[in-house]
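Please keep the sequence and the model in view while reading.

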Amino acid sequence: DVAVTGVQTCALPILLELRRPRVLEVRSRLGSISAALRRLYDADPYAMALFPSQRLLVEEVYGIPAAGGIDYDHFTVPFPGTFDLIVANHTFTHALRPRDMLATLHDSLVEGGHLYLINEPDEREYLQQGKSLFNTLNPFHMQAFDTASLVRALQANGFAVKFVTYRDGSNICLAQKRERASDWPRISVSSRARR
């Protein structure tokens with residue numbers, strides 16, 4: 001997990017100028033992303049963990065304020081104020097109400113703040129690579145998308161995508177908070193018909 005985390009967070013210094021950012025790590029497993037950002041950029045980190053054991057680790061090992069339990073049906077951020085950067089680890093695929101989740105994340109960022117999505121599964125696993133549809137879309141994965149549809153979803157909800165890539169079966173995406181607009185690019189008729 002640490003090796004994967006290191007690969008995914010190493011792009012942040014190239015993509016962003018981070019100076020003492022207030023950071024929220026959503027779906028933190030061990031707190032290693034928040035701890036790395038604190039060490040490298042003097043970040044003020046907060047974490048949301050799924051399980052009490054993960055919350056305990058984040059708080060006890062790294063001394064980072066953490067909240068336990070993530071409600072994917074009615075997603076909320078349990079910390080007051082806004083953040084310069086939100087790192088969401090394998091989160092969007094679990095959203096039962098994706099528009100509401102993106103609205104909450106958008107509202108939780110400062111103007112011009114960034115959302116960094118990592119470990120978001122790509123539908124090419126089962127459409128092109130022959131992997132099991134049932135494994136990829138297990139009972140907990142509610143969203144399936146390709147890179148283009150992930151970008152459209154973010155653009156439709158007030159984010160400008162600055163960087164997106166596909167690595168080891170997952171999408172990694174950095175998006176900046178913008179004003180919500182109605183002029184985001186829609187899927188083309190031919191692409192929609194093919195899908």
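D42 and R20 are joined through their side chains by a salt bridge with an N to O distance of 2.9 Å, the term meaning a side-chain nitrogen of Lys or Arg within 4 Å of a carboxyl oxygen of Asp or Glu. This pair links distant parts of the chain, 22 residues apart, with D42 in the loop between α3 (32–41) and β2 (44–49) and R20 in the loop between α2 (12–15) and β1 (22–28). Helices (H or I, at least four residues) and strands (E, at least two) are DSSP runs, numbered from the N terminus.

D42 is partly exposed because its relative accessibility is 41%, whereas R20, at 62%, counts as exposed; buried means under 20% relative accessible area, exposed over 50%, and partly exposed in between (1.4 Å probe, protein chains only).

## Basis of the model

The model is predicted, so local features need pLDDT of at least 70 and side-chain atom pairs count only at pLDDT 80 or more, while totals for chains, interfaces and linings use all residues. Residues are numbered from 1 along each chain as its sequence is written, and side-chain values use heavy atoms, with hydrogens and water left out.

## Other bridges

Across the whole structure, the search finds seven salt bridges. Among them is the pair E59 and R55, at 3.5 Å from N to O; these residues lie four apart in helix α4 (residues 52–62), and are therefore separated by about one helical turn.

D73 forms a salt bridge with R97, with 2.8 Å between the closest N and O atoms.
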